[in-house]
Amino acid sequence: MKKNRQLMVLVLGTLIFSASLSAQKQNDFKKEAVAIDYLNSSFETYDKIQKSIWATPELGFLEEKSSAVHQKHLTENGFKVESGVAGMPTAFIATYGSGSPVIGILAEFDALSGLSQDTVPYPKPLIVGGNGHGCGHHAFGTGSVAGGIAIKKWLESTKTKGTIKVFGTPAEEGGGGKVFFAKEGLFNDVDAVLDWHPGTANAVSIRTSLARISTIYHFSGISAHAAANPDQGRSALDGVEAMNQMVNALREHIPSDARIHYVITNGGGLSPNVVPAEAEVSYFVRAKNTKELFDIVARVDNAADGAALGTGTTVVKNRLGGAISPVLLNKPFSKLIQKHLERVGGVQWDERELAFAKEIAKTTGATQEDLEKVKTIEPFKEETFGQLLPASTDVGDVSWNVPVGSFNATVFVPGSAGHSWQNVASGGTTIGTKGLLVAAKVFSLTAIDLFTTPALLESIKADFKKSRGENYHYQPIVPDKGPELDYRVKKQ
Ligand SMILES: [Zn+2]
Ligand SMILES: [Zn+2]
C-alpha cells in the first residue's frame, strides 16, 4: 500500500517536462517544424487540459464542461467555433483557414458510468459507482484539439491555403453523436477526416467494425394480486422473459460474427405478490453489414411480438436513433498514417511512468516485453487489412460520407482490457498525455502532407469512391430519429 502511494505521488506530481524529441529527431521534421515544435513545447498545457476533463467525467450528451474546455481553448487559439450543431448541445465544429482542401479531425469526450477510479495502480474508485474515462475519451478530445491547433499554427506561418476543422462529437458510447453530424451533411465539404483512439499500442486501424442497432422493448400487462387474482393479471415480465428465451434460441442460428446482447432496464416491479404491469428490455444487435443487421433485427422483433402474443401482453418497440454503420476502410489513407506514425515513433515512459505501468501490468499479466512495445509502432500487416473487429463505433457513419483514416496511440498500459479501471488510472496520468501528443503529431504530419501533396488526397478519394460504389447515397440506419439527448439521464 505504501509503495502504491509513493507511486501515485510520483505520477501525480507536477512534472517539468522537457521536449521529448532529441535534436536529431527534430531535424526529421524540417517541413513540419512549426507544428511539432508547438506540440513539444505544450506538454504542460495539454497535460492540464486532459487531466481537467479526466477529473470531470461526463456521460454522453451531458458533456457540458468537457466540451466547453475544448471550445474555449480552440477559440483562444484562433478557431471559429460553432456550438450546438446537429441538434446536440455539446457538439461543436471549430474551423480555421479558408478554401480547400478541408481536413477534419474527430474529437470525443464522453465518459462511462460505474468506472470511477483514482490514478493509482490498484482498484480505487474516487466516487463509488461514479463515472470514469475508461475509453480514454478525455485524451482523445485533447489530442485532437492539440493536433488541430498545431496544424493551424503551421497553416498560418506557411500561409498555406486550406481549412482545418475539429469536430467535437459527443456521446460515442451508445449515443452515436457522429451519426447526426453525417445526417446533417456536416462532412459534405470535407475532403478527408483524421481520427484516432487511445489504445494499448501505436498502430494504424485497419480492421472494420460491426453495424449496430439499439432497441428498447417495453412490455405492458395487467397488474393483479399474484396469489388471490392471478387469473386477472398478465405479467409484463413474462413477456420480457419469453422474448429473451426465444432470442437466446435464435442466437445459434445467426452468422457467427453477429452479436446480440440485452439488459433488463425495468424488471417489472419490486414485489413478487404483484403481477408486473410494466417491464422493459434493452437490446443491442450487431452485424458485419446492414443487410445482416436488418435481417437479425426483424427476427428479434418477431420474438418480441411472439412473446407478447403468448403472454397476453403488448409490446412497444423504440428503435434508438444512434444506430451505427460499419467502418469503411481506406488503404491509401491507412498507409499514409502508418508512414507518419513511424516518423513520430512510440511513447517514451520515464522511470516513474514505467514503475506505475509495471504495477498495472501485475493486475493483467502483461510482460516486460509487452510494456517495451509502447516505444514502437506496429507494422502494417496487409493480411489483417479489412478483418472484422467485433466492436462498433460511430466513426462508421463518418466513413461512408468522407474518407477516414484512423489509428491508435498508447494511452493505456498494454494488457489492460477496454473500459477497465486500469485504463482510467493510466489515462489520467502523464502516460495519457504522452499518448495524446503522439496522436497530435501524427495528425499534424498527415494533414500537412495532405495540404502539400494533392496527389495523396486524390488517391485517397479514388479509393473511397471505389469502395463505396457508384451512385451511393448515405442514409443513417435509423433515418427518422434524432439524438436521444437524455439516454444517459437516470430515469425514476
Ligand atoms: Zn468505449
Ligand atoms: Zn472509445
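Cys135 bridges the zinc ion (ligand 2) and the zinc ion (ligand 1), which lie 3.2 Å apart. The structure is a predicted model, in which local features need pLDDT of at least 70 and side-chain atom pairs count only at pLDDT 80 or more, while totals for chains, interfaces and linings use all residues. Residues are numbered from 1 along each chain as its sequence is written, chains are lettered from A and ligands numbered from 1 in the order in which they are written, and side-chain values use heavy atoms, with hydrogens and water left out.

## The site of ligand 2

Buried means under 20% relative accessible area, exposed means over 50%, and partly exposed lies in between (1.4 Å probe, protein chains only). His137 is also buried, because its relative accessibility is 0%.

## The site of ligand 1

The zinc ion (ligand 1) is coordinated by SG of Cys135, OE of Glu173 and NE2 of His419, at 2.0 to 2.3 Å. The spacing of these donors along the chain is C-x37-E-x245-H. Cys135 lies in the loop between β3 (102-107) and α6 (137-158), and Glu173 in the loop between β4 (162-168) and α7 (177-183), so the pair ties together parts that are 38 residues apart in sequence. Helices (H or I, at least four residues) and strands (E, at least two) are DSSP runs, numbered from the N terminus. Glu173 has 10% relative accessibility and so counts as buried.

## The whole protein

The protein contains 16 helices and eleven strands. A compact globule of 492 residues would have a radius of gyration near 23 Å, and the protein agrees with this at 24 Å. The radius is taken over C-alpha atoms, and the globule rule is 2.2 Å times the number of residues to the power 0.38. The C-alpha trace spans about 85 × 65 × 40 Å along its principal axes.

Of the 492 residues in the protein, 55% are buried. The protein exposes about 20,700 Å², and carbon and sulfur atoms supply 53% of that area. Accessible areas come from the Shrake-Rupley method with a 1.4 Å probe; for residues, only the protein chains shown count as cover. A contact means heavy atoms within 4.5 Å. Among contacts between residues at least 6 apart in sequence, 82% join residues at least 24 apart.

Phe412 is in the loop between β11 (404-410) and α14 (421-427). Is Phe412 buried or exposed? With 4% relative accessibility, Phe412 counts as buried. Leaving out residues up to four places away in sequence, Phe412 touches several residues, among them Gly134, Cys135, Gly136 and Pro198. Phe412 and Pro198 are 214 residues apart in sequence, yet their C-alpha atoms are 7.2 Å apart in space.

Val395 belongs to helix α13 (residues 395-399). Val395 is buried, with a relative accessible area of 5%. Its contacts, not counting residues up to four places away in sequence, include Leu106, Glu108, Asp195 and Val327. From Val395 to Gly177 the separation is 218 residues in sequence and 9.4 Å in space, C-alpha to C-alpha.

## Backbone details

The peptide bond from Ser100 to Pro101 is cis, with omega near 0°. Pro101 is located in the loop between β2 (92-98) and β3.

Lys159 is not a glycine, although its phi is positive, at about 50°. Lys159 sits in the loop between α6 and β4, and with 74% relative accessibility Lys159 counts as exposed. Asn471 is not a glycine either and has a positive phi of about 50°. Asn471 is in the segment after α16 (454-468), and at 71% relative accessibility Asn471 counts as exposed.

Notes: Donors are N, O and S atoms within 2.8 Å of the metal (3.2 Å for Na, K and Ca); water is not among the atoms, so sites may look incomplete.
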